[in-house]
Amino acid sequence: MDFPHFLRIERDRRGRSKHYVVHTVDPKFSLELTPDGAAPDKIGRGVIKRVCVPNSWAGDYAQCAKFIGVAQEFFAQSFAPPASPAESRRFAR
C-alpha cells in the first residue's frame, strides 16, 4: 500500500516514546498512537490516544474519519523493515 500523504513522528521523552501520524494534505489531522501490546507483533495498528483536527465552524469532521483507519495501517507498516537499496532503485524507474 502507498501512503504518500502520511508522516510518522516518533519522540523520545523521559525514556518513553510517543508516536504521531500526520496527514499532510486536506483534511489535515494528526493522531497520537501507542503500540498495541496485545498484538502478536507488539505493535499492531496502534491504539489511538488522541485525535487532533482543525477547528471548524461547520463541524465537518467526517472527512478526517475516513482516513483514521488508513493512518493506523500506515502506522503498522511504518515499523516494517526498509526495502533493500537494490529494490528501491528498481521502483524509482
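## Ground rules

Since this is a predicted model, local features need pLDDT of at least 70 and side-chain atom pairs count only at pLDDT 80 or more, while totals for chains, interfaces and linings use all residues. Residue numbers run from 1 along each chain as its sequence is written, and side-chain values use heavy atoms, with hydrogens and water left out.

## Strands and hairpins

Helices (H or I, at least four residues) and strands (E, at least two) are DSSP runs, numbered from the N terminus. Two strands count as paired if DSSP finds at least two bridges between them. Strand 1 (residues 6–13) runs antiparallel to strand 2 (residues 16–23), with eight bridges. Along that pairing, R11 sits opposite K18, and R13 faces R16. The hairpin here has two residues between the strands, and R14 takes a positive phi near 55°.

Next along, strand 2 also pairs with strand 3 in the antiparallel sense, this time over five bridges. V22 stands opposite S30 of strand 3, and the hairpin joining these two strands goes through five residues.

## The nonpolar core

A nonpolar core is a set of buried Ala, Val, Leu, Ile, Met, Phe, Trp, Tyr and Cys residues joined through side-chain atoms within 4.5 Å. The largest one has twelve residues: F3, F6, V21, F29, L31, L33, I43, C64, I68, A71, F74 and F75. Strand 3 (29–34) and helix 1 (62–77) are the elements that give two or more residues to this core, and helix 1 gives the most, with five. In soluble globular proteins, nonpolar side chains tend to be buried together.

Take L31 as an example: skipping neighbours within four places in sequence, L31 is in contact (heavy atoms within 4.5 Å) with H19, Y20, V21, I48, R50, V51, I68 and A71.

## Around Y61

Y61 lies in the loop between strand 4 (47–52) and helix 1. With a relative accessible area of 35%, Y61 is partly exposed; buried means under 20%, exposed over 50%, and partly exposed in between (1.4 Å probe, protein chains only).
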